[in-house]
Amino acid sequence: MSPKSRLYTLVKAWKNKPFHEVRDACGDPWLGLSSQALEEHQSWSKRQAISHEPIFNCKGTKLTGSLFRPLLDASDLQLLRLFMEGLDTISYWYRSGRFIPGILPMPINALSSSSYVDAMSELILNSRLPVGLIVIGMQSVPDSTNVDCCKEGLLRLRRLGVLLHFLNFCGSAEELHWITDMQLEGVHIDTRALRKHDLASDVLSQLRQSPFSPTQIYAANIGLVQDLKIASALIADHAYGGLMMAPVSRHQMLQINDSRIAKAIFSLHPHQHPNQNGDK
């Protein structure tokens, strides 16, 4: 065996080690981390699925994060396998020299379950990622029966350095209370819904309680030029959607050049001066 092939074997073994350690810690079959599921995870990650949606600042001049889309529609048995895949991707970017926060959507029933939170905590600890790169995206507000369990689970994850976002914000009083009570770091607003219904200015003012508020606004599902105007009116901090950039593979994410996406976005607007051929 050549020195180069031995080095490749060592690096590959080191890369996979954190996730092998998790087998005994949280391998209950009902959690979706059976031996078969772990083997499927390893082969699935090699296929480079187009599942990571890039997030940019509102002007499109800087890549600020990624949304891991497969978790949005995952079943209970798929959750931890896909959560592991999301962590592996963030680690891949981090080892490649890119600090790209990854938003991993999770349903409220999982965040309210001590078994799921135990498993997620083990996976997060074994990933050895720095604070700020792992983001949990809540997809709804807990009801009265599981609100205390959900708070306990979220606080446990937050103590590990995990950031908390709320997805699919509609502007209800219940959502506002939950966001302010938990002091969430991010709120995602669907611009498609705002085309038909304006979000009241007092709602936005409550989200931005002060210049020092930790909550940032994410304009989601940017699909039309009009959506960019809506995001600008919201004074959104971040934006993502098909108009910004379609989902990519985890390797393609490393190739995103911030200046290129900015040029692509601003090329949608009419040029102020004609070119040499006299065309606008």
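Predicted model: local features only at pLDDT ≥ 70, side-chain atom pairs only at ≥ 80, totals over all residues.
Residues are numbered from 1 along each chain as its sequence is written, and side-chain values use heavy atoms, with hydrogens and water left out.

Of its 280 residues, 46% count as buried. Here buried means under 20% relative accessible area, exposed means over 50%, and partly exposed lies in between, with a 1.4 Å probe and protein chains only. The accessible surface comes to about 14,600 Å², and carbon and sulfur atoms account for 53% of it; the areas come from the Shrake-Rupley method with a 1.4 Å probe, and for residues only the protein chains shown count as cover. Among contacts (heavy atoms within 4.5 Å) between residues at least 6 apart in sequence, 72% join residues at least 24 apart.

Helix α6 spans residues 147-158 and has 12 residues. From its first C-alpha to its last it reaches 16 Å, close to the 16 Å expected at 1.5 Å a residue; the expected span is 1.5 Å times one less than the number of residues. Cys150, Gly153, Leu154 and Leu157 are buried in α6. These residues cover an arc of only 95 degrees around the axis, which puts them on the same side of α6; the arc is that of the directions from the helix axis to the C-beta atoms. An α-helix has 3.6 residues a turn, so residues three or four places apart point the same way. On the other side of α6, Asp148 and Glu152 are exposed. The cover over the buried residues of α6 includes helices α4 (108-111), α5 (114-127) and α7 (173-182), together with strands β4 (134-138) and β5 (163-169).

A search of the whole structure finds six salt bridges, each defined as a side-chain nitrogen of Lys or Arg within 4 Å of a carboxyl oxygen of Asp or Glu. One of them joins Glu53 and Arg69, whose closest N and O atoms are 2.6 Å apart. Glu53 lies in strand β1 (residues 52-57) and Arg69 in the loop between β2 (63-68) and α3 (79-95), so this pair ties together parts that are 16 residues apart in sequence. Glu53 is buried at a relative accessible area of 5%, whereas Arg69 is partly exposed at 32%.

Another salt bridge links Arg250 and Asp88, at 3.3 Å from N to O. Arg250 belongs to helix α11 (residues 250-254) and Asp88 to helix α3, so the parts tied together are 162 residues apart in sequence. Arg250 is buried, with 8% relative accessibility, and Asp88 is buried with 2%. A further pair is Asp190 with Arg192, at 3.1 Å between the closest N and O atoms; Arg192 is partly exposed, with a relative accessible area of 46%.

The structure holds zero disulfides, a disulfide being a pair of cysteine sulfur atoms within 2.5 Å. For Cys150, the nearest cysteine sulfur is that of Cys149, 8.7 Å away. Cys150 is buried, with 0% relative accessibility, while Cys170 is exposed, with a relative accessible area of 62%.

Technical notes:
Helix = DSSP H or I, 4+ residues; strand = E, 2+ residues; numbered from the N terminus.
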